[in-house]
Amino acid sequence: MAPEGVVELRDWLFLLMLCLTLLAEVLEVAAATAQGYDEEGDPVCPSVCRCDEDFIYCNDRGLSSIPPLPPSATVLYLQNNHIDNAGLPTSLERQLTVRVVYLYDNELDDFPMHLPPSLRELHLQDNNIRMLPRATLARMPLLEKLHLDDNSVSTVSIEDQAFVDNPRLRLLFLSRNHLSSIPSGLPASLEELRLDDNRISTIPTHAFRGLSSLRRLVLDGNLLANQRIADDTFSRLSNLTELSLVRNSLLTPPLNLPSTHLQRLSLQDNALIHMPRGSLDGMRRLQRLDLSGNNLTTLPRGLFKDLDSLGQLLVRGNPWHCGCNLRWLHDWLHARSSSITVRGLTCQGPDKVRDMALKDLTSQMEECEVPGIVAAGAGVGATGSETRDRVGGAEVGGVAASSTTLAPPQGSLFTLRSKRPGLGLPDSGLDYTLGSSGVGKSLALNVKALAPDSIRVTWSVAQPTSSFRLSWLRLGTSAAMGSITETLVRGDRREYLLTSLQPRSSYIICMVPLAASSGGKGARAGGDTDSDEAPVCAKAETSDPSQPDVGQEDNQDPEHMATLPLAGIIGGATAIVSLALIVAVFCWYRHRAGRLSSRDHYSRGSSRKNKHYDDYIESGTKKDTTILEIRSPGFQMTPMATHQPLQPMPLREDYIIHTIFPSNGTGLYKGAHQVSNAGYGTNRGYREGGIPDIDYCYT
């Protein structure tokens with residue numbers, strides 16, 4: 001019985017051990033599950049997150065750190081939390097299946113480390129990241145899209161060659177940071193670059209070097225001006241399809257824009273006053289052009305000649321002057337009415353057509369006689385008869401010249417080939433100034449204002465030419481200014497008169513000789529083409545009509561002008577002599593007045609011994625039997641007994657001295673320091689003036 005009892009006890013012990021082992025494993029599995037791991041020890045979906053297959057949604061949870069994630073996760077939504085750099089676990093870099101991470105709107109101060117090397121897309125906008133270190137970016141060699149908008153990245157905080165280890169980077173967003181220039185060392189694989197709302201003011205020639213794959217470039221809201229953009233900056237971007245330069249300070253479009261593949265060009269909200277004729281040449285794939293919110297009054301004929309694919313033209317917010325200068329655009333819009341959408345082409349002048357759409361001015365445009373107009377989009381044709389703008393109800397031109405000299409249509413723009421970075425036309429704000437004359441390669445130009453509304457233009461050339469293109473621009477920033485006009489002048493002319501100009505205005509006048517064309521597809525109707533010589537420009541200012549006209553003096557011959565110094569000397573000497581005579585007369589008068597007033601103190605016995613009864617002659621008096629009037633101002637002497645005959649030698653005569661008061665009640669004589677308030681009729685003021693206090697004086 002003993003052996004059987006031992007065997008049974010052994011079986012019970014074995015069964016008990018088996019149950020305890022099973023119970024321990026169950027407890028271990030339960031504990032692992034409670035900690036977020038599966039049966040194999042791998043993490044499962046965190047309880048604070050929501051998992052949808054490989055998408056882990058932990059956004060807007062108030063997290064300060066990233067919880068353990070399942071190994072199959074590919075897209076992590078961690079935005080809108082309080083995660084800082086310390087909340088990024090080192091285990092995150094072992095998540096080799098993660099492709100996309102959203103960490104925007106958190107509390108990151110540095111570029112995050114320990115990110116998975118398999119990462120393709122990283123969203124870090126709305127943090128406070130300052131530095132872009134090369135070593136951290138090198139941990140993500142497969143990165144294709146990097147969003148760093150709304151951070152604190154500056155140009156100097158981007159490490160040199162920071163993106164050299166990211167050869168697959170195609171999209172880089174750095175909007176609303178603190179950049180002052182284009183970051184250097186950008187990868188050649190970049191296709192889209194956003195740098196809007198920074199502080200970029202200068203773009204050098206090498207800024208986009210090597211970015212031949214770039215297709216979309218956004219530079220909105222920076223400090224860009226024409227003078228600070230190199231001429232060939234954008235010409236290197238041969239595959240660019242979209243360029244946005246909104247909200248900058250451009251006066252003209254940048255030079256040498258890429259034209260082969262460009263489809264969208266945005267230039268709104270700048271300060272554009274001029275669109276050069278060739279600025280859009282070659283853009284045959286351009287589909288959308290936005291020129292809204294600028295200071296454009298007109299567009300030059302031929303500007304849209306290559307825009308065969310243009311479907312949207314946005315030009316609202318410009319002070320358009322709808323005269324005969326836009327007749328070509330009116331015809332072009334009607335020819336393309338079925339294939340293009342135009343927004344904002346509303347006239348602001350002349351008053352007759354204000355607030356009317358240019359497309360609706362068919363009857364007004366028919367009154368324009370513009371000879372030499374070629375097909376829509378072609379260049380400026382040769383002029384043949386006088387052109388007048390009847391839309392505004394007044395002539396445009398009015399140049400008093402020979403019958404072959406044409407009055408130019410107002411508003412036609414001209415093209416200036418700039419030899420300086422970013423300049424399309426002369427500007428008064430540049431670091432050089434224009435004078436009243438200019439000298440070019442083969443042309444010397446001189447301008448002079450003759451009247452408040454006219455300027456004379458003269459020139460000389462080194463060699464004969466078939467014709468000249470004369471252009472003038474009225475400077476100004478308001479909607480009423482900025483009108484640019486051009487005309488063709490025969491090659492045998494050497495003088496031209498511009499009339500009907502605005503008084504008190506500054507004008508830039510440019511001229512370029514035209515070479516005779518041999519014909520062909522690109523030739524103008526007039527047979528002339530632009531020469532390779534740059535335009536020669538000069539500046540003149542019309543005078544104020546309310547001021548005296550000094551134009552006649554300016555037109556005097558040189559020999560007459562030579563007499564001006566001698567005339568000035570003679571006039572100066574005459575003025576000096578006249579001034580000396582006036583001073584002498586004044587001094588003599590004061591001396592005489594002083595002597596007469598001093599005679600009031602004659603003593604009673606002075607000089608009476610040798611004088612008769614009419615001694616008043618010495619004092620300049622005229623004797624009368626009734627009234628003795630002293631010629632010295634201020635007294636009248638009346639004898640007390642006029643009814644008695646005068647004695648031949650009176651020993652004593654009594655007279656009453658009456659003070660003569662002026663009409664305003666003040667005394668005639670004042671002391672040197674007397675206050676002029678002696679209108680109360682007492683003798684106090686006379687004492688200070690040297691007049692005796694008593695009313696009786698004995699002679």
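I count a disulfide as a pair of cysteine sulfur atoms within 2.5 Å. The model is predicted. I searched the whole structure and found 4 disulfides.

**Entry: Cys-45 and Cys-51.** I looked up this pair and found a disulfide, S to S 1.8 Å. The link of Cys-45 and Cys-51 is right-handed, with 95 degrees about the S-S bond. Buried or exposed? I noted that Cys-45 is partly exposed, at a relative accessible area of 30%. Cys-51 is partly exposed as well, at 28%.

**Entry: Cys-322 and Cys-347.** A disulfide joins these two, S to S 2.0 Å. I read -100 degrees about the S-S bond, and the link of Cys-322 and Cys-347 is left-handed. Where do the partners sit? The pair links distant parts of the chain, 25 residues apart. I placed Cys-322 in the loop between strand S14 (320-321) and helix H3 (327-335). I placed Cys-347 in strand S16 (residues 347-349). Both Cys-322 and Cys-347 are buried.

**Entry: Cys-510 and Cys-537.** I found a disulfide here too, S to S 2.0 Å. The torsion about the S-S bond of Cys-510 and Cys-537 is about 110 degrees, so I wrote it down as right-handed. This pair also links distant parts of the chain, 27 residues apart. Cys-510 lies in strand S23 (residues 506-516) and Cys-537 in strand S25 (residues 536-541). Buried means under 20% relative accessible area. Cys-510 has 2%, so Cys-510 is buried. Cys-537 has 13% relative accessibility, so Cys-537 counts as buried.

**Entry: further cysteines.** I checked Cys-19, which is partly exposed at a relative accessible area of 43%. I noted Cys-587 as partly exposed, at 45%.

How values were computed
Residues numbered from 1 in each chain as written. Predicted model: local features only at pLDDT ≥ 70, side-chain atom pairs only at ≥ 80, totals over all residues. Heavy atoms only, no water. Buried < 20%, exposed > 50% of the residue type's maximum accessible area, 1.4 Å probe, protein only. Helix = DSSP H or I, 4+ residues; strand = E, 2+ residues; numbered from the N terminus.
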